[in-house]
Amino acid sequence: MPAFSDINPIVLFFASILTSNILLSNFLGTCSFIAISKEWKSSFGLGLAVTLVIGICCAICWTVLQYLVIPLGIEYLSFIIFIIVIAAVVQMLEMVIDRYSPSLYLSLGIFLPLITVNCAVLGAVLFMQIRNYGFLQAVAFGFGAGAGWWLAIMLLAAIRKRIENNPVPAGLKGTGITLIVIGFMAMAFIGFSGMIAVQ
Amino acid sequence: MHPILVGPLATAGFSAFLALVISLLDGKLNDYGTVNVTINGGKKKLPVRGGSPLLGTLAGEEIFLPSACGGRGSCGACKCVVTSDVGPYLPTETPYISAEEVSRKIRLACQIKVKKDIEIEIPESLFSIKRFEASVGRVRDLTYDIKEVRFDLRNPSSIDFMPGQYVQLAVPKYGDITESVQRAYSMSSVPGDPGNVELLVRLVPGGIATTWVHKFMKTGDVVQLIGPFGDFQVHDTPSTMVCVAGGSGMAPFKSMFNDMRARDSFPGKEIWFFFGARSTRDMFYLDELRKLEKEWPRFHFVPALSEPKPEEGWNGEIGLITNVLDSHLSAKISAGKPREGYLCGSPGMIDACIKVMTKNGIDPRDIFYDKFA
């Protein structure tokens with residue numbers, strides 16, 4: 001089984017979408033996943049925003065890690081530094097989108113403040129750190145993890161749309177049945193494991 | 001340098017660097033230069049600095065759209081017609097805009113940003129809305145939680161309004177409150193006394209403006225009043241006025257009745273005034289209104305307490321104001337004559353009264369109200 005640090009970035013990209021989906025195998029970013037998946041359109045916007053933010057944050061955090069944190073020997077502060085980077089990136093992204101693409105801002109921009117506190121972003125960045133990825137791998141992993149999250153929320157939104165009219169027991173309506181559905185989805189995604197050996 | 005300092009210093013330096021980048025980016029991206037706001041098809045053309053919400057931009061040009069929440073998107077009062085394209089409706093607007101309003105291109109002025117030339121339509125009457133500098137004059141406790149406050153207008157020194165209209169009180173910063181906020185209050189003074197504005201302010205626990213009025217405001221303090229706003233006023237018809245108020249909802253009615261009495265206006269109108277409170281400690285202006293009822297034949301005053309205590313010796317109506325209103329409408333206030341409803345108070349009270357009134361045959365289109373948002 002190859003070590004994390006020498007997987008082909010393209011393989012890594014698809015692996016982080018399917019076999020080690022950050023949501024369904026690591027259960028990160030679940031709160032906004034459950035809250036927003038009620039609506040298909042919002043899920044699309046949020047998924048796109050998460051993908052962009054995780055991808056960009058992985059690239060920037062990798063650079064900061066290699067050229068600031070490791071040379072100064074302050075790995076013990078990487079947690080805080082990553083959080084600051086994520087917050088700043090989200091803020092800047094929001095400003096740029098607001099300025100240059102009002103329509104994109106409308107579908108995606110309003111979710112950006114939500115993402116600052118999305119644990120999937122910090123989780124992905126920390127995975128990138130402990131697995132010693134190179135730059136291309138970090139970027140591939142970042143966008144892959146985001147795309148995996150995006151795929152998962154779109155699937156869940158579609159499923160929730162279908163169960164809307166089904167007779168769910170009263171006590172399970174809303175979040176209850178959603179959590180059970182997420183469990184089934186996670187089990188289904190286990191079927192992908194072994195296709196690409198990353199673990 | 002001591003190794004333990006490296007980490008905190010590097011983190012702080014890095015954060016400062018990011019903050020700098022963000023503020024530079026903000027200065028660059030949020031600069032839209034000078035844009036033109038065209039009002040009512042060219043009647044007014046204002047060159048303004050772009051990048052801010054329309055509501056604030058207009059206020060900077062001394063044009064005041066009504067706004068009870070001060071631009072936080074929580075009252076939906078600052079509606080105006082925007083004829084040029086400013087992009088699709090925002091999720092923060094949709095809760096306040098009906099499909100019919102969408103077809104008339106009505107937007108929430110506090111939510112849309114002025115980024116390029118924009119054309120809007122606003123009622124002509126808004127041009128007469130002014131910002132008044134006023135000082136706090138006489139303050140009187142009406143009940144344990146309602147104060148009657150008089151403001152002496154200084155600049156401009158007089159106000160022209162219709163009884164029933166309201167002003168926005170801009171409360172200065174105080175204590176932990178670091179921003180000036182605006183709240184809407186109906187005027188209880190009369191147009192015949194244009195140098196003063198009187199408001200009735202009930203203390204709302206945790207309310208920023210009401211807490212200031214009740215706990216911090218002193219005689220002589222200078223505040224800003226913006227107005228007059230609103231279309232809650234006496235309609236010129238022969239119908240009987242059926243008025244219902246609770247708490248500080250008394251304010252617009254005090255203004256209406258005093259003005260009608262002083263000028264003997266709308267001479268054909270009979271007036272019924274229902275005022276509901278919980279117990280005598282919530283009741284005020286009782287003697288004044290009973291005196292007015294004796295002296296003014298077409299005015300009828302019905303105060304009601306929902307929970308009077310036996311030792312209070314209450315001799316008026318007892319029960320919820322809706323029940324008292326119901327029994328009067330069905331028995332005492334002739335259905336043979338057309339009737340109009342005027343309501344001012346909490347949303348719950350107003351909705352309940354509208355039900356009672358329509359049940360008793362008053363056309364919903366003849367029910368006018370001023371809800372505390």
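Begin with the contact between the two chains of this predicted model: select the 22 residues of chain B and the 20 residues of chain A that take part in it. Together, chain B and chain A bury about 1,700 Å², and 79% of that area lies on carbon and sulfur atoms. Next, highlight B:Phe14, B:Ile22 and B:Leu29. These supply 30% of the area that chain B buries against chain A, more than any other three residues. Colouring by class the side of chain B that touches chain A shows 15 nonpolar, 3 polar and 4 charged residues.

What is the count of salt bridges across the interface of chain B and chain A? The rule finds 0, with a side-chain nitrogen of Lys or Arg required within 4 Å of a carboxyl oxygen of Asp or Glu. Polar contacts between chain B and chain A come to 1 residue pair, with both residues at pLDDT 80 or more.

Which of the elements gives the most to the lining? It is α5(A), with 3 residues. By class, the lining of the second largest pocket has 14 nonpolar, 3 polar and 8 charged residues.

The next stop concerns salt bridges over all chains, of which the rule counts 22. One to select is the pair B:Glu148 and B:Arg138, whose closest N and O atoms are 3.0 Å apart. Why does this pair tie together parts that are 10 residues apart in sequence? It does so because B:Glu148 lies in strand β7 (residues 146–155) of chain B, whereas B:Arg138 lies in strand β6 (residues 130–141) of chain B.

The tour ends with the backbone of chain B. Select B:Asn155 and B:Pro156, which are joined by a cis peptide bond with omega of about -10 degrees. B:Pro156 is located in the loop between β7 and β8 (166–171) of chain B. Continue to B:Gly227 and B:Pro228, where the peptide bond is also cis and omega is near -5 degrees. B:Pro228 belongs to strand β11 (residues 222–229) of chain B.

In the viewer, B:Glu62 is to be found in the loop between α2 (54–60) and β3 (79–82) of chain B.

Notes: Residues numbered from 1 in each chain as written. Chains lettered and ligands numbered in written order. Predicted model: local features only at pLDDT ≥ 70, side-chain atom pairs only at ≥ 80, totals over all residues. Heavy atoms only, no water. Contact = heavy atoms within 4.5 Å. Buried area = accessible area lost by both parts, 1.4 Å probe. Polar contact = N/O pair within 3.5 Å; in protein donor to acceptor, adjacent residues only side chain to side chain. Nonpolar A, V, L, I, M, F, W, Y, C, P; charged D, E, K, R; others polar. Helix = DSSP H or I, 4+ residues; strand = E, 2+ residues; numbered from the N terminus.
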